Amino acid sequence: MNAQNALTMREFMDSKPQMKYIFFGGKGGVGKTVLAGAAAVAMAQRGKRVLLASTNPVHSLSGMLGQDVFGKATPVEGVPNLWAHEIDTRETIERSKQEIKEKIEWFLKYAEIKGRADEFVESATMNPAFEESAMFENMIEIMFKDEYDFYVFDTAPTANARRLLGMSSVYSLWVNKMMQSRKEAQQMKLKLSFSRKKEEEDPLMDYLISFRDRMERAKVLLTDPEKTAFFFVTLPEALPIAVIKRFINWFEEFGIPIGGVVVNMRIDPSQVSEQADEFVRNRVKMQAEYMEEIDRLFGPMVRAVLPLFETEIRGIDMLKRTASLLFA
Ligand SMILES: Nc1ncnc2c1ncn2[C@@H]1O[C@H](COP(=O)(O)OP(=O)(O)OP(=O)(O)O)[C@@H](O)[C@H]1O
Ligand SMILES: [Mg+2]
């Protein structure tokens with residue numbers, strides 16, 4: 001069902017033996033979690049030690065696997081080599097807040113500014129980007145630990161994923177700027193103060209440097225087309241197509257490697273007879289039109305087309321079934 005010149009999922013993975021980090025994005029409800037799960041199962045079956053990680057704030061992974069994988073990497077029953085980890089977002093955010101608080105307290109003391117850190121922490125962490133940034137840091141921490149051969153991230157809706165990756169360049173810019181001002185401020189302080197030692201410890205500066213370095217390291221990994229791939233999931237329907245079209249443009253702009261497109265929930269026309277309900281026949285006709293559009297827009301990028309199953313996809317057996325179709 002793939003376009004003539006398109007690599008299948010299997011061929012694509014075979015052509016990238018160093019592939020290590022894959023992501024699934026797309027409109028809400030199109031099957032990102034299911035496909036991340038299926039890809040993780042398929043890679044584990046190919047002998048890699050795989051971590052399936054979710055930064056979604058809902059318990060979608062545990063639900064799909066029929067097993068509690070919340071809060072820590074947990075071996076998935078029935079699939080050797082596979083671990084799943086539903087990241088505790090609240091804990092991650094709290095930890096991040098605490099770290100920021102310590103840094104702000106230190107800075108206030110250092111700069112001899114009177115005031116309570118709490119107020120500053122509140123204003124720094126009220127920013128909606130703060131939670132995303134905490135989750136992003138958590139994700140790259142998992143990547144840097146390097147305990148698995150292969151990572152599948154069931155990312156939050158892709159608008160965030162793209163923003164998060166775009167953020168790594170913004171972080172670098174921002175931290176370099178901060179470091180510049182810190183240097184200038186420190187020189188001022190040295191000039192104005194006779195009592196201070198010349199070599200003063202500066203944990204905030206150390207933190208900024210290590211932060212920038214981590215972001216740069218993450219960017220190197222996440223923009224390496226041999227190691228990283230983002231897959232976009234769509235349905236043969238107008239809105240999900242429009243969404244991934246936009247994402248693909250953004251990602252190309254940011255130089256983030258695109259693994260390809262997976263079409264999900266296609267009704268197999270050969271299963272629908274002439275006598276089928278009008279509703280179903282219309283649906284099939286509509287899907288055929290959108291399949292043509294998908295071919296026109298993404299042709300060589302389409303890696304797999306998966307059927308609409310008779311029920312939702314839950315449990316290891318159905319995931320294995322999905323995995324074998326994804327990697328057919
Ligand atoms: N090919 C399919 N056939 C039948 N049901 C499917 C198929 N793909 C996904 N589903 C079901 O559709 C629902 C949504 O799938 P899933 O949770 O993977 O989507 P999602 O993109 O991760 O959603 P969200 O944006 O909420 O995270 C689930 O109940 C899932 O079991
Ligand atoms: Mg999901």
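Author: The model is predicted.

Reader: How do you know that the span of helix α4 agrees with its number of residues?

Author: Helix α4 covers residues 89-110, which is 22 residues. At 1.5 Å a residue the helix should span 32 Å, and its end C-alpha atoms are 31 Å apart, so the two values agree. Just after α4, E112 takes a positive phi of about 55 degrees.

Reader: Why are α4 and α5 called oblique to each other?

Author: Helix α5 (residues 117-126) packs against α4 at an angle of about 130 degrees, with the axes 9 Å apart. Roughly perpendicular ends at 115 degrees and roughly antiparallel requires over 145; α4 and α5 are therefore oblique. The crossing of α4 past α5 is right-handed. On the α4 side the contact is made by K97, I100, K101, I104, E105 and L108, and on the α5 side by A117, F120, V121, A124 and T125. Seven of these residues are nonpolar, one is polar and three are charged.

Reader: What makes α4 oblique to α8?

Author: Helix α8 (residues 203-222) and α4 pack at an angle of about 140 degrees, with their axes 9 Å apart. The cut-off for roughly antiparallel is over 145 degrees, so α4 is oblique to α8. Here K103, W106 and F107 in α4 meet P203, L204 and Y207 in α8. The residues of this contact comprise five nonpolar, no polar and one charged.

Reader: Which element supplies the largest share of the shell around ligand 1?

Author: Helix α2 does, with three residues. Both α2 (32-45) and β7 (258-266) supply at least two residues of this shell. Ligand 1 is surrounded by 17 residues, the closest being G31, K32, T33, F309 and E312. The shell divides into seven nonpolar, seven polar and three charged residues.

Terms used
Residues numbered from 1 in each chain as written. Chains lettered and ligands numbered in written order. Predicted model: local features only at pLDDT ≥ 70, side-chain atom pairs only at ≥ 80, totals over all residues. Helix = DSSP H or I, 4+ residues; strand = E, 2+ residues; numbered from the N terminus. Expected span 1.5 Å × (residues − 1). Axes fitted to C-alpha atoms, helices over the stretch in contact; angles between N-to-C directions. Parallel < 35°, antiparallel > 145°, perpendicular 65-115°, else oblique. Left-handed = near helix turned anticlockwise from the far one by under 90°. Contact = placed C-beta atoms within 7 Å. Nonpolar A, V, L, I, M, F, W, Y, C, P; charged D, E, K, R; others polar. Near = placed C-beta within 6 Å.
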